[in-house]
Amino acid sequence: ALNKDNTLAYISVLQVLNDKFLGRMLPQQFTAIAESSDRIEKLNLITVEGLSEVSRLFPQYCFCVDISCRFLIKEASLSRLIKAISENGEKLIFCFDSAMVEAAGKVAFDNIVTLKNAGVKILIDNAQNCGIDILTGLPVDYFRIDARYYSESDPMKKAHLSMLASFAAAIGVPLAVKHTETLAQAKFFLENGVTVVEGNFVLKPVRQVQDAAKKFRKLPLTEQ
């Protein structure tokens, strides 16, 4: 994920689940299913423990990872997650889906504060669906929207993007966009207030941190 000046904002980490019945699944395929099982907790803990080691090897980078909201509603699970965070916790960005945080309610809000106090950064994903409680009531380091919801040719959606970008700028929280596929998309979002861009346009998934940090495609510079 790149800032609009082409500096590296963070490296997103993909978790892949190999299910004996359903086969190989990426997060967008398995997360909603796995939320009903503690298997998602096990996968997240393995990932966070691994990232704690990676962050020691590459302290110059931040790493963003999707985390199940199950950790926000179960105290024992939250304790295990905090234990998995290393002393480099400030290099980890925990990403939570806005709808699931909202559904979990006050306990989720309180435990996000607990995670912030443990040193990690917080990213709220799918912010295009956020209610006012999340937008105004959480100590958030990033909001992230999905590029697939927006179109330059749709004035209503373009207006919604501008509104959300203006709000994020007013409170000093970077607004990121995921699933950016083309140069035209990247320009559209940068010209309408988005400050962090990620997706296949920037870089398709790679296995090595060094490749992620060096082989990305630069964003078009804007006057904003």
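Q: Where buried means under 20% relative accessible area, exposed over 50% and partly exposed in between (1.4 Å probe, protein chains only), what is the relative accessible area of Tyr10?
A: This is a predicted model, in which local features need pLDDT of at least 70 and side-chain atom pairs count only at pLDDT 80 or more, whereas totals for chains, interfaces and linings use all residues. Residues are numbered from 1 along each chain as its sequence is written, and side-chain values use heavy atoms, with hydrogens and water left out. Tyr10 is classed as buried, its relative accessible area being 0%.

Q: Which residue forms an aromatic pair with Tyr10?
A: Rings of Phe, Tyr and Trp (its six-membered ring) pair if their centres lie within 6.5 Å, and planes under 30 degrees apart count as stacked, over 60 as edge-to-face and the rest as tilted; by this rule there are 4 aromatic pairs. One of them is edge-to-face, with 5.3 Å from centre to centre and 80° between the planes, and it joins Tyr10 to Tyr142. Because Tyr10 lies in the loop between β1 and β2 while its partner belongs to strand β8 (residues 142-146), parts that are 132 residues apart in sequence are tied together by Tyr10 and Tyr142.

Q: Are the rings of Phe58 and Tyr61 stacked or edge-to-face?
A: Both Phe58 and Tyr61 are buried. Since their ring centres are 6.3 Å apart and their planes meet at 25°, this pair is stacked.

Q: In what order do the strands of the open sheet run?
A: Helices (H or I, at least four residues) and strands (E, at least two) are DSSP runs numbered from the N terminus, and two strands pair if DSSP finds at least two bridges between them. The sheet has 8 strands with mixed pairing, in the order β1-β10-β9-β8-β7-β6-β5-β2. Each edge strand pairs on one side only, and these edge strands are β1 (2-3) and β2 (11-13).

Q: What angle does the direction of helix α2 make with that of β5?
A: Strand β5 (residues 63-66) runs parallel to β6, to which 4 bridges join it. Axes are lines fitted to C-alpha atoms, for helices over the stretch in contact (heavy atoms within 4.5 Å), and angles run from 0 to 180 degrees between N-to-C directions. Helix α2 (residues 39-57) packs on the sheet, touching β2, β5 and β6, and its direction makes with that of β5 an angle of about 175°.

Q: Which elements do the buried residues of α5 pack against?
A: Ala108, Phe109, Asn111, Ile112 and Leu115 are buried in this helix. The buried residues of α5 pack against α3 (75-84), β6 (92-97), α4 (98-104), β7 (121-125) and α6 (132-137).

Q: Which cysteine has the sulfur nearest to that of Cys64?
A: A disulfide is a pair of cysteine sulfur atoms within 2.5 Å, and the structure holds 0 of them. Cys64 is accordingly in no disulfide, and the nearest cysteine sulfur, 5.0 Å away, is that of Cys95.
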